[in-house]
Amino acid sequence: MFPFQSSSTARMKVVIDITQVVSLFSTVIFAGFAFLLGQYLGSKLPKGERWILVWYIFDSLVHFVLEGAFVIISLFGTVNDSEHILSLLWKEYGKADKRWLFSDPTVVSLEILTVVLDGLLCCILIWCILTKQYYRHFFQIVLCVCELYGGWMTFCPEWLTGSKNLDTSSSMYFWVYLTFFNGLWVVIPLVLLYQSFEEMKAAFCSKRESESPSPPLHKEKGGNKRERGDDRDRSNTRRRR
């Protein structure tokens, strides 16, 4: 009955599907580039350290390129009104969380901090891993806490107000956009925090062992016993005389 409406709906569905594919593919490109660069730069590092290096390269790209574009667009307008090519990615994500479409002050404030502070910390940690700096785990703890705090402050206010801006009706929006992509910045920082804890624990135990006084050697004890035995023999010979 309404051929124009059905055709328009079909075209819209195709556009949405293509946008989703492009958005996910761009993320894969970022991850692939980070993997190749991390494997090249960290070729002499242990396997675990190479994967951490790959994560920090990927993390810095997301902060500077994707989130940096969001901050610039939001400071001079809104994602919803922007025609910048990177705004297409945020328009797609904005279908799951509307706050990203209309420059929500809380979200923009957190993203400014994320781009400037977290992006810089990622670069510092890349340098620390490659050059094996002693202050690496200090900055790693700071970055992980910042990312966990940013994630909490992004979603907790929304949860407390009834999640009016979140759309969880689609499995793509809920499981991929909201859960998976945001969950990465929860699970991985927690794992890296645990790694820093283990490294500090090992360093502390090693230092404590080096500073603790060494126990007396068994040879010295045996030597004292022999001296006492010699003294007893001398006293016995004197008595016989």
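**Burial in α3**

Task: list the buried residues of α3.

Solution. The buried residues are S87, L89, W90, E92, Y93 and G94. Buried means under 20% relative accessible area, exposed means over 50%, and partly exposed lies in between, with a 1.4 Å probe and protein chains only. Helices are DSSP runs of H or I with at least four residues, strands are runs of E with at least two, and both are numbered from the N terminus. Six of the eight residues of α3 are buried, so this helix is largely enclosed by the rest of the structure.

The model is predicted: local features need pLDDT of at least 70, side-chain atom pairs count only at pLDDT 80 or more, and totals for chains, interfaces and linings use all residues. Residues are numbered from 1 along each chain as its sequence is written, and side-chain values use heavy atoms, with hydrogens and water left out.

**Ring pairs**

Solution. Start with the rule. Rings of Phe, Tyr and Trp (its six-membered ring) pair if their centres lie within 6.5 Å; planes under 30 degrees apart count as stacked, over 60 as edge-to-face, and the rest as tilted. The whole structure holds 19 aromatic pairs. For F70 and W90, the ring centres are 5.2 Å apart and the planes meet at 50°, so this pair is tilted. F70 belongs to helix α2 (residues 47–75) and W90 to helix α3 (residues 87–94), so the pair ties together parts that are 20 residues apart in sequence. Both F70 and W90 are buried. For F155 and W159, the centres are 5.9 Å apart and the planes are at 25°, so this pair is stacked. F155 and W159 are four residues apart in helix α5 (residues 136–160), about one helical turn. An α-helix has 3.6 residues a turn, so residues three or four places apart point the same way.

Ring pairs link F70, W90, Y93, W100, Y173 and Y177 into a cluster.

**The face of F155**

Task: which charged end sits over the ring of F155?

Solution. Apply the test: NZ of Lys or CZ of Arg must be within 6 Å of the ring centre and within 35 degrees of the ring normal. R99 passes, with its charged end 5.9 Å from the centre of the F155 ring. Then check burial: F155 has 8% relative accessibility and counts as buried.

Task: what do Q20 and H137 touch, leaving aside residues up to four places away in sequence?

Solution. Contact means heavy atoms within 4.5 Å. Q20 sits in helix α1 (residues 3–41) and is buried at 12% relative accessible area. Its contacts are E92, M172, Y173 and Y177. H137 sits in helix α5 and is buried at 14%. Contacts of H137 are Q195, S196 and E199.

**Pocket and cavity**

Solution. Grid points are joined across faces, edges and corners, and a volume is the space filled by probe spheres set on the points.

The largest pocket holds about 950 Å³. Of its 39 lining residues, Y93, Y177, F181, N182 and W185 are the closest to the centre. Elements giving two or more residues are α1, α2, α3, α4 (105–131), α5 and α6 (171–211). α6 gives the most, with 10 residues.

One cavity of 30 Å³ or more turns up. The largest cavity has a volume of about 60 Å³. Its lining is L110, L113, T114, L117, D118, C146, Y149 and G150.

**Backbone check**

Task: where do S103 and S163 lie?

Solution. Most residues other than glycine have a negative phi. S103 has a positive phi near 55°. S103 lies in the loop between α3 and α4 and is buried at 16%. S163 also has a positive phi, about 55°. S163 lies in the loop between α5 and α6 and is partly exposed at 25%.

How values were computed. 1 Å grid on protein atoms, 1.4 Å probe; cavity = no way out; pocket = protein on both sides within 12 Å on 5 of 7 lines; lining within 4 Å.
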